[in-house]
Amino acid sequence: MRENLFDDRKQAVRDNLQRIMEQVNNEVVKSNRKIDELQIMAVTKTVPAEIVNVAIEQGITLLGENRAQELLEKYQAYSKDDVAIHFIGHLQTNKVKSIADKVQMVESVDSLKLAHELDKEMEKLGSVMDILVEVNIGGEASKSGIPKEQTEELLGQISTLQHIKIKGLMTIPPICEKKEQVSHYFEQMHQLFVDIKAKNMDNIDMSVLSMGMSGDYLEAIRCGATIVRLGTAIFGKRDRPVNV
Ligand SMILES: *Cc1c(COP(=O)(O)O)cnc(C)c1O
């Protein structure tokens, strides 16, 4: 029985990804973007490794992990050849050590303290961690991320760390009822990204803009996203709630 249920779920992932790839390709053409400047991330929270591996078989090369504990549980079971893993959730400093050798990027850096902890750990590993700075573009009290106005200052501080390489920005915009509202936040993010890039700050490489989730990824692509992070659109509704 269980296997049959998994078979249905696997087929749904194949169908979903085919539809998503078509929509993304159409949007890329409409927006005058290039397909090779865009990555589709599969966000794996609550999804069994066996199902995640179906997305990888279908061509997904980037996974997004929210929780250190869940990553550790599933890590061995992922088909990891040619797949990168990015950490996208709130990262407690005491969890840094457990994930530092398993992910290629931490997208959710929003404090100097966390950057310092990552730097220390990467020094021990004799390596460098790529990061994005997470921006709280809607200025919501409940959300992680640095306020837009403080982004440049934090980037400047982090850029002095030897074992960290800043690659760009990430955001989770406020929940919006209308697509125009969410596009407004994406446009603000893109403008911030472009403005910072133009400053050519030392040790800061503004090449990645991670924004857009299942409900709004086409808008995000239109506004300049280089990574869209998709959970439910690929894997279906999550069967248990998660704290993100
Ligand atoms: C869960 C999550 C996503 C994906 O959300 P969906 O709406 O399921 O696509 C993207 N980014 C972050 C940071 C998340 O926690």
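**Close-up views of a predicted model**

View 1. A backbone N or O atom of Gly 231 lies 2.8 Å from an oxygen atom of the ligand. Taken alone, the ligand exposes 390 Å². The protein buries 92% of that area. The model shown here is predicted.

**View 2. Two side chains reach the ligand: Lys 45 and Ser 214**. In Lys 45, a side-chain N or O atom sits 2.7 Å from an oxygen atom of the ligand. In Ser 214, a side-chain N or O atom is 2.4 Å from a ligand oxygen.

**View 3. A shell of 13 residues surrounds the ligand**. The closest are Lys 45, Asn 66, Ser 214, Gly 231 and Thr 232. What kinds of residue make up the shell around the ligand? It divides into 6 nonpolar, 4 polar and 3 charged residues.

**View 4. Lysines lie over the ring of Tyr 75**. Lys 80 lies over the face of Tyr 75, at 4.1 Å from the ring centre. Lys 102 also lies over the face of Tyr 75. Its distance from the ring centre is 5.8 Å. What about aromatic rings paired with each other? A search of the whole structure finds 0 aromatic pairs.

**View 5. A salt bridge joins Lys 10 and Glu 50**. The two side chains meet at 3.0 Å, N to O. Which parts of the chain does this pair link? Lys 10 belongs to helix 1, residues 2-30. Glu 50 belongs to helix 2, residues 49-57. The partners are 40 residues apart, so the bridge links distant parts of the chain. The structure holds 13 salt bridges.

Note on methods:
Residues numbered from 1 in each chain as written. Predicted model: local features only at pLDDT ≥ 70, side-chain atom pairs only at ≥ 80, totals over all residues. Heavy atoms only, no water. Phe/Tyr/Trp six-rings, centres within 6.5 Å; stacked < 30°, edge-to-face > 60°. Lys NZ or Arg CZ within 6 Å of the ring centre and 35° of its normal. Near = heavy atom within 4 Å. Polar contact = N/O pair within 3.5 Å; in protein donor to acceptor, adjacent residues only side chain to side chain. Areas by Shrake-Rupley, 256 points an atom, 1.4 Å probe, with all protein chains shown as cover. Nonpolar A, V, L, I, M, F, W, Y, C, P; charged D, E, K, R; others polar. Salt bridge = Lys/Arg side-chain N within 4 Å of Asp/Glu carboxyl O. Helix = DSSP H or I, 4+ residues; strand = E, 2+ residues; numbered from the N terminus.
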